[in-house]
Amino acid sequence: MNIRRFILIAVPYAWLLALFFIPFFIVFKISLSDLALAIPPYSPTVKDGIFNMLSAFDFENFTFLASDDLYWKAYLSSLKIALISTIFAVIVGYPMAYGMARAPDEWRPTLMMLVILPFWTSFLIRVYAWVGILSNEGLLNQLLLWLGLIDAPLTIMNTTTAVYIGIVYTYLPFMILPIYAALDRLDESLIEAAEDLGCSRTKAFWLVTVPLSRNGIIAGCFLVFIPALGEFVIPSLLGGSGTLMIGKVLFEEFFNNRDWPVASAVAVVLLLILIVPITLFQRNQQRQAEADT
Amino acid sequence: MSQTNFSPWDDPNGKPLIRFDNVTKKFGEFVAIDDLTLDIYEREFFALLGPSGCGKTTMMRMLAGFEDPTSGKMELAGKNIAGIPPNKRAVNMMFQSYALFPHLTVWDNIAFGLRRGGASKQQIEKRVEEMLTLTRMTKFARRKPHQISGGQRQRVALARSLAKAPKLLLLDEPLGALDKKLRQDTQFELMDIQESTGTTFVIVTHDQEEAMTVASRVAVMDEGRIIQVATPDRIYEAPNSVYVADFIGDVNIIEGTVKPAGEDLYYIDWNPNQAPLLAASERPFSDGQTAHLAIRPEKITISAEQPVEAKNTAKGSVLDIAYLGNLSTYYVQLDGGQVVKAQTANTRRLSRRSITWEDKVWISWSATAGVLLDR
């Protein structure tokens with residue numbers, strides 16, 4: 001009995017150890033070493049002997065991150081972009097989730113399908129498709145010119161706006177699904193009770209529907225915010241050189257500069273920043289589970 | 001209880017609080033309420049009783065303002081209320097599921113309606129405390145709905161719907177979720193609260209015992225129509241149709257043809273093997289008309305020998321006995337084949353049952369024991 005239980009618990013922990021803690025320690029170890037013209041491009045390594053390696057470690061890369069304003073600007077800019085995108089995702093996602101939850105029963109599977117459908121094609125292709133829509137000769141500008149709403153094409157590509165559009169588009173399902181789940185469970189008679197007690201429809205929405213879908217909103221926000229913070233593909237494809245995001249900086253350090261130690265330090269700091277929202281998210285999930293029982 | 005003389009429906013000058021005037025409600029092709037006219041008076045405890053799908057919930061939802069009548073007029077205190085949204089009506093509802101807000105405490109649930117009304121903070125606090133005392137929930141004011149029992153939730157729901165002192169309180173199967181014992185206690189509590197607050201209550205229920213206990217008047221509904229509206233005792237003792245007689249309590253229905261037998265008296269020929277039955281009826285019947293005689297089982301006497309005095313007697317044998325503790329119901333198969341239920345109260349402990357299975361017995365009842373019905 002105890003052995004079975006031990007195995008059951010051991011499997012996820014082994015998974016976590018092999019796929020998260022070991023890689024993280026390797027990255028952390030590299031972040032403590034120095035750049036070198038070698039393969040791998042850093043020193044010291046285990047080949048130099050464990051004691052020599054440990055004594056050569058220092059926090060030089062982290063102090064470098066703090067001294068160069070590129071890095072903290074990139075972190076701040078990422079936080080800002082992730083935050084604003086999350087807010088937009090709520091504004092766009094909530095009405096969609098609400099509409100789905102209020103739709104007739106026979107429509108719901110179809111609507112759910114439509115939300116999930118984009119996942120069936122490659123993420124990269126979908127982001128490239130936005131290039132075709134947003135560029136100066138793109139579909140959006142063509143349409144607006146044809147309608148006569150604008151005289152000259154709008155510059156959307158290679159701006160932060162394009163990054164916002166990309167992030168909101170990509171992560172919208174992660175916002176819609178938890179909110180939909182919360183709204184779907186909402187008892188219709190609660191809204192009627194609120195109206196019966198003197199609320200207008202709008203007031204009942206703000207006093208009953210929104211508070212009762214709060215957990216869904218919070219879950220959705222984290223599910224959008226966390227990946228958006230470290231996003232690399234969207235800013236590099238849609239944001240151009242003007243958009244500063246930490247995911248892009250990380251990529252450039254690693255592949256363009258081949259500076260593995262600094263890239264690792266950037267990654268470690270990013271993880272530390274992410275631990276805060278992840279912890280908050282888990283606490284929210286836990287509280288929700290407690291409230292349900 | 002001062003309910004003995006409370007009968008505003010008999011007063012021809014009485015002004016009803018609620019008036020349904022030829023109200024019809026259709027959902028697509030389905031007729032939920034069929035040309036219904038009804039008056040409900042102030043301070044009444046009015047019960048809408050009927051099987052599920054009879055339209056009683058639709059009537060209640062129309063009163064609350066969640067549905068509008070397709071045609072006809074609905075008045076509350078003399079004003080037409082069609083089209084007025086639920087939040088603008090002096091009507092509150094206690095929902096079947098209670099619909100307590102799970103994210104608010106008991107206190108905030110009760111205060112919810114008061115806060116929408118623009119009352120001052122002190123007024124709200126005073127009123128909430130009053131309601132908590134009334135429903136004996138003061139100790140639980142800080143709890144959330146999921147932290148209290150079903151009976152307590154029911155009381156919170158009642159307190160919340162009464163907090164705004166509505167002219168009319170609607171109760172949708174208010175005791176449906178409680179177990180039997182708690183339900184009985186709560187029925188009397190409801191009556192006390194109704195009396196002490198002076199609010200008009202309209203209750204929807206499918207439980208006839210509950211309707212009979214709490215209500216000043218009962219409306220029996222079927223397929224969107226009201227079959228009979230009367231006080232509980234009239235509904236039970238003087239049903240106007242076989243449907244009502246059968247729906248409320250237990251009843252024996254005997255079908256036969258009528259023959260006049262003097263003033264307000266009729267003979268009913270019902271079985272060639274049995275003597276005709278004698279029944280009194282204020283309702284006139286013509287010679288040869290088909291009629292149904294409805295007799296409650298407790299009004300039938302069962303005996304081993306032929307009774308001499310009784311107006312109506314019939315011979316049969318005991319088919320089955322249902323012992324219910326306080327009562328015993330005998331299923332007597334008459335010589336014509338029909339089975340009649342007769343009930344006796346078990347007033348003495350440890351008495352040997354004088355009548356048992358397969359016994360030849362006589363059943364008897366007086367001329368006024370049954371009700372003669374034409375439909």
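How many residues of domain 1 of chain B are in contact with domain 2 of chain B? Before I answer, a quick word on what you're looking at. This is a predicted model, where local features need pLDDT of at least 70 and side-chain atom pairs count only at pLDDT 80 or more, while totals for chains, interfaces and linings use all residues. Residues are numbered from 1 along each chain as its sequence is written, and chains are lettered from A and ligands numbered from 1 in the order in which they are written.

Now the answer: 5 residues of domain 1 of chain B touch 6 residues of domain 2 of chain B. By contact I mean that the C-beta atoms of two residues, placed from the backbone, lie within 7 Å. Domain 1 of chain B covers 8-245 and domain 2 covers 250-373, with bounds that come from an automatic or database domain assignment. Taken over C-alpha atoms, the centres of these two domains of chain B are 39 Å apart.

Let's stay with chain B. Its C-alpha trace spans about 75 × 50 × 40 Å along the principal axes. Chain B has 8 helices and 20 strands; helices (H or I, at least four residues) and strands (E, at least two) are DSSP runs, numbered from the N terminus. Of the 375 residues in chain B, 38% are buried. Here buried means 20 or more other C-beta atoms within 10 Å of a residue's own, exposed means 12 or fewer, and partly exposed is in between, with C-beta atoms placed from the backbone.

Next, please find the open sheet in chain B. Four strands make it up, in the order β2-β1-β4-β5, with antiparallel pairing. Strands β2 and β5 (79-80) of chain B are at the edges with a single partner strand each, so one side of each has no neighbour in the sheet. Two strands pair, by the way, if DSSP finds at least two bridges between them.

Strand β1 (residues 18-27) of chain B pairs with β2 (residues 30-40) of chain B over 7 bridges, and Lys26(B) has Val31(B) as its bridge partner. The hairpin of these two strands has 2 residues between them, and Gly28(B) there takes a positive phi near 65 degrees. On to β4 (residues 71-76) of chain B, which pairs with β1(B) over 5 bridges; Arg19(B) stands opposite Glu75(B). Finally, 2 bridges join β4(B) to β5(B), with Leu76(B) partnered by Lys79(B). In the loop between β4 and β5 of chain B sits Ala77(B), and its phi is near 50 degrees, positive although the residue is not glycine. Ala77(B) counts as partly exposed because it has 14 C-beta neighbours inside 10 Å.

So where does chain A come in? There, 14 residues of chain A are in contact with 16 residues of chain B. Helix α9(A) gives the most to chain A's side, with 6 residues. That side divides into 7 nonpolar, 3 polar and 4 charged residues. Within α9 (residues 188-196) of chain A, the buried residues include Leu190(A), Glu192(A) and Asp196(A). Their cover includes α10 (201-212) of chain A, together with α1 (56-64) and β6 (91-94) of chain B. After α9(A) comes Gly198(A), with a positive phi near 110 degrees.

One helix pair in chain A before I stop. Helices α4 (residues 69-102) and α11 (residues 214-229) of chain A pack at about 145 degrees, with their axes 9 Å apart. Among the residues that meet are Leu83(A) and Val90(A) from α4(A), and Val224(A) and Phe225(A) from α11(A). That contact has 11 nonpolar, 5 polar and no charged residues.

Last, two cis peptide bonds in chain A: Ile39(A) to Pro40(A), with omega near -10 degrees, and Ser43(A) to Pro44(A), with omega near 0 degrees.

Notes: Axes are lines fitted to C-alpha atoms, for helices over the stretch in contact, and angles run from 0 to 180 degrees between N-to-C directions. Ala, Val, Leu, Ile, Met, Phe, Trp, Tyr, Cys and Pro count as nonpolar, Asp, Glu, Lys and Arg as charged, and the others, Gly among them, as polar.
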